[in-house]
Every structure is written in structure tokens, then in C-alpha cells.
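Welcome, and please open your viewer. We will walk through one chain stop by stop, with something to select at each.

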Amino acid sequence: MSISHKTSFIAAGLSLGLLAACTSPAHLNENDPNKNAKSGALLGGILGAGVGALVSDDKGKGAVIGGVVGAAGGVVAGGLLDEQEAKLRQSLGNDDVTITNTGDRLIVSLPQDILFDVDSATVYPALRTDLLKVASNLQEYPDSNVQIVGHTDNSGSAAYNQSLSERRANSVADVLLDGGVAFSRIQTFGRGEDQPIASNLTAEGKAQNRRVEIVILPNAV
């Protein structure tokens, strides 16, 4: 290995080491409102350092610069996601709707039993109000794409469940479109009974598996 290449790896390692020291699990408090911004800094730094080393003639300098720029972008993306999550929780105020912030996306999970009647893909009028609040939130944070994913339990045939999950995802998408979310931002998917989150052997498990998820994916900063 040449001296220049050794230098690049050392520099990249130093930059990543500094990022990891600031964002290691020991430093990330689960109750920290900025935890996802910090996680974003680490991920952005790692990716930025790698890209910077690849594209720069001075590999060591490129890794350091790339790491700093990537970390800054990760802080912005993670911070905005934390902010969007907080506003969404405040506006919804529905204990039946769960919001999960993974650090790189928000997942809004709506149980089927509060959304639709049995075997129906028509959204209950009461839930349209909550979905319109989600639409308003999405308009406030326009730099993201939205995936709407329908899921069922395993009652009935797999083919019927697949069709039902698709129709339900499309119905939720229609409400978000009515609320002003751009068509270009939305994708819909039906997963039928293929992605359960609980056992289908109990009524409680089946109820958890019947759901529609709205996945909010921020665009790269």
C-alpha cells in the first residue's frame, strides 16, 4: 500500500472515529428528542467519508471533507424527521394510530379495524379526518416520498387478500390526494398476508396484521 493510500485510510478512520464517538449507542439517549438527528449525522458521515475518498484526488482530504459534509446533511435530515414526527403526533392525537421513527423514515400504522368495515375498502368518514391531517403534515414537509402499504391477516384466500390490500392502500392514497399531496410523491403497494407482524393463530394477532402503513421517506439532503 502506498503512503498516500495509507494516509487516506488513516484520515478516513479518524473522521469516522470522531463521528462514532459522538453518536455511539452510549451517547444516544432513547429519550433524547435529537437522537435521530445524531443518528443521521453518523450515517451521513460514514457515507460522505466513503464518497469523498472515492471522488477526491487527495483521498485523505476527500474522506474528511466528505465525512463532514455527509454528517451535516444527516443532521438536517434527522432533525427534520424528528420535527415532523412531533407535529404529526400532536395533530393526530389518536391512540390507535402508531408512529414509528426509525431514523431514516416515519411509519404511520393504521389498524384496519379503525379504517374499514369488514371486506371493505371504503375509508370510514371519521378516519378521513385523521388522514387529512397526515396530508397536511406531508404538505408542510414536501421533501419526501410516500409509500402506502396495505396488509391483511390470512383469513380467506391469498389472492383475495392481495387484492383487498391493494384496494385499501389505494383508498388511503385517494384521501391523501384529496388533501393536496402531489400524485408524484405517492406509491401504493398491497402485501396481502405476506408480511404479518404478529401471529395469525389468535384474534389479537390477526387484528394487528390487518393494517395500512404510510411510510414517509425523506429525500436525500
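This is a predicted model: local features need pLDDT of at least 70, side-chain atom pairs count only at pLDDT 80 or more; totals for chains, interfaces and linings use all residues.

Residues are numbered from 1 along each chain as its sequence is written, and side-chain values use heavy atoms, with hydrogens and water left out.

Now switch to a cartoon. You will find seven helices and five strands, which are DSSP runs numbered from the N terminus (helices H or I, at least four residues; strands E, at least two). From the N terminus on, the order is α-α-α-β-β-α-α-β-α-β-α-β. Contacts here are heavy atoms within 4.5 Å; among those with a separation of 6 or more, 67% are between residues 24 or more positions apart.

**The core**

Select Leu115, Ile148, Leu176 and Ile214. Of the 29 residues in the largest nonpolar core, these touch the most other members. Such a core is a set of buried Ala, Val, Leu, Ile, Met, Phe, Trp, Tyr and Cys residues joined through side-chain atoms within 4.5 Å. The elements that each supply at least two residues of this core include helix 3 (59-92), strand 2 (106-111) and strand 5. Zoom in on Ile214: its contacts, not counting residues up to four places away in sequence, include Leu106, Val108, Leu131, Val146 and Leu176.

**Helix 5**

Next, select residues 125-140, which are helix 5. Its 16 residues should span 22 Å at 1.5 Å a residue, and its end C-alpha atoms are 23 Å apart, which agrees; the expected span is 1.5 Å times one less than the number of residues. Which residues of helix 5 are buried? Colour Leu127, Asp130, Leu131, Val134, Ala135, Asn137 and Leu138 to see them. They cover an arc of only 160 degrees around the axis, so they sit on the same side of helix 5; the arc is that of the directions from the helix axis to the C-beta atoms. Pro125 and Ala126 are exposed on the other side.

**Helix 6**

Move to helix 6, whose 21 residues reach 30 Å from first C-alpha to last, close to the 30 Å expected. Its buried residues include Asn161, Arg168, Val172 and Leu176. The buried residues of helix 6 pack against helix 4, helix 5, strand 3, strand 4 (186-190) and strand 5. After the helix, look for Gly180, which has a positive phi near 100 degrees.

**Two loops to finish**

Select Asp153, in the loop between strand 3 and helix 6. Is Asp153 buried or exposed? With a relative accessible area of 7%, Asp153 is buried. Its side chain reaches the backbone nitrogen of Ser155 at 2.9 Å.

Arg210 is in the loop between helix 7 (203-209) and strand 5 (211-218), and at 19% relative accessibility it counts as buried. Show the side chains of Arg210 and Asp113 to find a polar contact of 3.2 Å; that term covers a pair of N or O atoms within 3.5 Å, where within protein one must be able to donate a hydrogen and the other to accept it, and residues adjacent in sequence count only if both atoms are side-chain atoms.

Methods. Buried means under 20% relative accessible area, exposed over 50%, partly exposed in between (1.4 Å probe, protein chains only).
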